Amino acid sequence: MLGSLEVNLLIVVPVALGVLWSAKEWIAVAKVKIDGHPDLLALEGKAQASDIVSEMLKISKTIQDGAMSFLFAEYLYMAVYIVLFSIFLVFFTGVPTTVAFVVGAITSIICGWIGMRIAVFTNVRTTHQC
């Protein structure tokens, strides 16, 4: 069997590596400048780069607003469910299980919010680079 130190390291090390990797990727994506590639568009005789960029940013903002509205509505339903199910849990299983359920639900909500923010943030940059 593994000792307490080894078990804790097996938990903490992958988490730390995941956070570092995510930060590295976030920085790489954030370096993508949305400028419309004016030199490439001028060669192809297409619309002004500023028009394309402004339209891309407008669409990106619309998608971001829609995604955040969706998450707010979803999390409102989840909050009601978490409260009601927590009341049920505390009577049948006790406080420790209820606390674990609530903490798990909150971390799930946070992960969903972060994931949606990242998806919307990278979507416009990926489209721009293509």
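A salt bridge here is a side-chain nitrogen of Lys or Arg within 4 Å of a carboxyl oxygen of Asp or Glu. I began with that search, keeping in mind that this is a predicted model.

**Entry 1: salt bridges**

I asked how many salt bridges the structure holds. The count came to two.

I took the pair Glu25 and Lys24 to begin with. Their side chains meet in a salt bridge, with 2.6 Å from N to O. I then looked up how open each partner is. Glu25 has 31% relative accessibility, and Lys24 has 43%. Both values fall between the 20% and 50% cut-offs, so I noted Glu25 and Lys24 as partly exposed.

Next I went to Asp65 and Lys61. Their side chains also form a salt bridge, at 2.9 Å from N to O. Where do Asp65 and Lys61 lie? I found both in helix α3, which covers residues 49-92. They sit four residues apart, about one turn of the helix. Asp65 has a relative accessible area of 37% and is partly exposed. Lys61, at 45%, is partly exposed as well.

**Entry 2: Gly112**

I moved on to Gly112. I located this glycine in helix α4, residues 95-129. Is Gly112 buried or partly exposed? Its relative accessible area is 29%. Buried would need under 20%, so Gly112 goes down as partly exposed.

Which residues does Gly112 contact, once neighbours within four places in sequence are set aside? I got Leu71 and Tyr75.

I also checked Gly112 against Val32. The two are 80 residues apart in sequence. In space they are 24 Å apart, C-alpha to C-alpha.

**Entry 3: the nonpolar patch**

I then looked at the surface. A nonpolar patch turned up, with about 1,100 Å² of accessible area together. I listed its members: Val80, Val83, Leu84, Ile87, Phe88, Val90, Phe91, Phe92, Val95, Val99 and Val103.

Which helix gives the most to the nonpolar patch? I noted α3, with eight residues. Helices α3 and α4 each supply at least two.

Val103 lies in helix α4. Its relative accessibility is 47%. Patch residues need over 30% relative accessible area, so Val103 clears that cut-off. Exposed would need over 50%, so I recorded Val103 as partly exposed.

Conventions. Residues are numbered from 1 along each chain as its sequence is written. This is a predicted model: local features need pLDDT of at least 70, side-chain atom pairs count only at pLDDT 80 or more; totals for chains, interfaces and linings use all residues. Side-chain values use heavy atoms; hydrogens and water are left out. Buried means under 20% relative accessible area, exposed over 50%, partly exposed in between (1.4 Å probe, protein chains only). Contact means heavy atoms within 4.5 Å. Patches are made of residues with over 30% relative accessible area and no salt bridge: like charges are joined within 9 Å, nonpolar side chains (Val, Leu, Ile, Met, Phe, Trp, Tyr) within 5 Å. Accessible areas come from the Shrake-Rupley method with a 1.4 Å probe; for residues, only the protein chains shown count as cover.
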